[in-house]
Amino acid sequence: MRFQEFRQVLTEAAKVGREYNHLEDLVFIEGSKGAEKAAATLEKLGSDNSDIAIKWDGYPTMYYGRDEDGTFVLVGKNGWLKGNKSTSGDDLKNFILSTGKGEDWRERFANEMSGIFDVMARATPENFRGYIYGDILYHSGKPYKETNESIEFTPNKVTYTVNKDSELGKRIAGSEVGVVVHTKFDEFGGKSGSPISDVKELNSDEAVVLGQTYVTHQPSVDTSEVNEIRTMAKQNAQQIDHFLAGQKGLSNVPGIIYTYMNQMSKAQKLGDIETGFFDWLKTSKVSQGQQAKLVQMNQDMPKALPAIFGLVKKVMTVKDHIIDQLDDADADVKQSTAGERGGEGYVALDTKTKLVPRGRWQPN
């Protein structure tokens, strides 16, 4: 197979990950071009922060809006996936109580969501059509706390501290529900939505609805580190792309590496990714036949995997430098996790990539 054909196979096979991928994952999702894309993203962040937003860690998820005749609907993820439209607070409460296994927390949660239903129904304009996907930041069952200078809330793992005198702090004070929204769907239960750019009409005195919250600090980037990423990618481009393209019977090498990275992250072993792949492979769900092909490919292209994982670690290092600067900056919204500075990270909207501090933030 010619080199150009390998690149085409790689492009077609690399449908792995999520809508927003970790910046460093571009190295094995898109190959040498992905490494260049990561370098360009890092370089841009050093001079233009206009598309860097806070990655909110809200919980739980909800979908709400109005159907064709204007009837208000609010459901959790379970209701959305099952096609169950809850059109009143009592309807939502009864649905939550009818699911699960009678957990102790379920009745309390059902009552809380019923109250949220009524607040969001009043906040959503009568002429609004469609459905919004978002995450709850605070509500009556898990309210924000006020001090003399700030407002704090902890929807999940991250605590957010908002300057009380800021515009956002003044909006939160006196409200009942806070929500960060991400996507709008035209149809109930839809799987493909559009990003929300304007959320003004969804707000009320009771409900604070946030869209993208952009950072105000401009981080600096060591251009020598970015150039090193480019040099490493260029020197090893052919082996990287050939390896990731796989072969007959092994068409999703990027997907295997994606799973490996996530499991190493959960095990807090990202520092060992360059040496741990084949040990992990032996205990993975990858078939024996595919394992044998990977071993043989590694023998035929010995520079490929070291280059891939070396680039991943280099991108992570530069990315973490940026995250540290953003976490340290004086801002209206500050994040902390388990008492330590920083939260889940940030998103670069232009390239649809996540800047997550994976050394301290493990996936669920």
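Good morning, everyone. One caution at the start: the model is predicted. Everything I quote is computed from it.

Look at β1 and its partner. β1 pairs with β15, residues 353-355, in the parallel sense. Two bridges join β1 and β15. Find His22 in β1. Opposite His22 stands Lys354 of β15. Is His22 buried or exposed? Its relative accessibility is 11%, so His22 counts as buried. Leave aside the neighbours within four places in sequence, and His22 is in contact with Lys354, Val356 and Arg358.

Stay with β15 for a moment. The loop between β14, residues 346-348, and β15 holds Lys352. Most residues other than glycine have a negative phi. Lys352 has a positive one, near 50 degrees. Its relative accessibility is 35%, so Lys352 counts as partly exposed.

Most peptide bonds are trans. The one from Tyr59 to Pro60 is cis, with omega near 0 degrees.

How much of β3 is covered? Five of its six residues are buried, so β3 is mostly covered. β3 has antiparallel pairing with β4, residues 72-76, over five bridges. In that pairing, Gly65 stands opposite Val73 of β4. β3 also pairs with β5, residues 130-138. That pairing is antiparallel too, over six bridges. There, Tyr63 faces Tyr133 of β5.

β3 and β4 form a hairpin. Five residues lie between the two strands. In the turn, Gly70 has a positive phi of about 90 degrees.

Keep Val73 in view, and move along to Lys85. Lys85 lies in the loop between α4, residues 77-82, and α5. Twelve residues along the chain separate Lys85 from Val73, yet their C-alpha atoms are 6.2 Å apart. What does Lys85 touch, beyond its neighbours within four places in sequence? The list is Asp67, Val73, Val75, Asp91, Tyr131 and Phe188. With a relative accessible area of 34%, Lys85 is partly exposed.

Next, helix packing. Two packed helices are described by the angle between their axes and the distance between the axes. I have two pairs to show.

The opening pair is α5, residues 89-98, and α6, residues 106-123. They pack at an angle of about 155 degrees. Their axes are 8 Å apart. Angles over 145 degrees count as roughly antiparallel, so α5 is roughly antiparallel to α6. The crossing of α5 and α6 is right-handed. Who meets whom? From α5 come Gly89, Asp90, Leu92, Lys93, Ile96 and Leu97. From α6 come Arg106, Glu107, Phe109, Ala110, Asn111, Met113, Ser114, Phe117 and Asp118. By class, the residues of this contact are seven nonpolar, three polar and five charged.

On to the other pair, by way of a loop. Between α10, residues 253-266, and α11 lies Gln268. Gln268 is not a glycine, but its phi is positive, at about 55 degrees. Is Gln268 buried or exposed? Its relative accessible area is 61%, so Gln268 is exposed.

Then comes α11, residues 273-283, which packs with α13, residues 304-328. The angle is about 125 degrees, and the axes are 9 Å apart. That angle makes α11 oblique to α13. On the α11 side, the contact residues are Ile273, Glu274, Phe277 and Phe278. On the α13 side they are Leu305, Pro306, Phe309, Gly310, Val312 and Lys313. Seven residues of this contact are nonpolar, one is polar and two are charged.

To recap the helix pairs: α5 is roughly antiparallel to α6, and α11 is oblique to α13. And for the hairpin, remember β3 and β4, with Gly70 in the turn. Thank you.

Methods: Residues are numbered from 1 along each chain as its sequence is written. This is a predicted model: local features need pLDDT of at least 70, side-chain atom pairs count only at pLDDT 80 or more; totals for chains, interfaces and linings use all residues. Side-chain values use heavy atoms; hydrogens and water are left out. Axes are lines fitted to C-alpha atoms, for helices over the stretch in contact, and angles run from 0 to 180 degrees between N-to-C directions. Helices (H or I, at least four residues) and strands (E, at least two) are DSSP runs, numbered from the N terminus. Angles under 35 degrees count as roughly parallel, over 145 as roughly antiparallel, 65 to 115 as roughly perpendicular and the rest as oblique. A crossing is left-handed if the near helix is turned anticlockwise from the far one by less than a right angle, and right-handed if clockwise. Contact means heavy atoms within 4.5 Å. Ala, Val, Leu, Ile, Met, Phe, Trp, Tyr, Cys and Pro count as nonpolar, Asp, Glu, Lys and Arg as charged, and the others, Gly among them, as polar. Two strands pair if DSSP finds at least two bridges between them. Buried means under 20% relative accessible area, exposed over 50%, partly exposed in between (1.4 Å probe, protein chains only).
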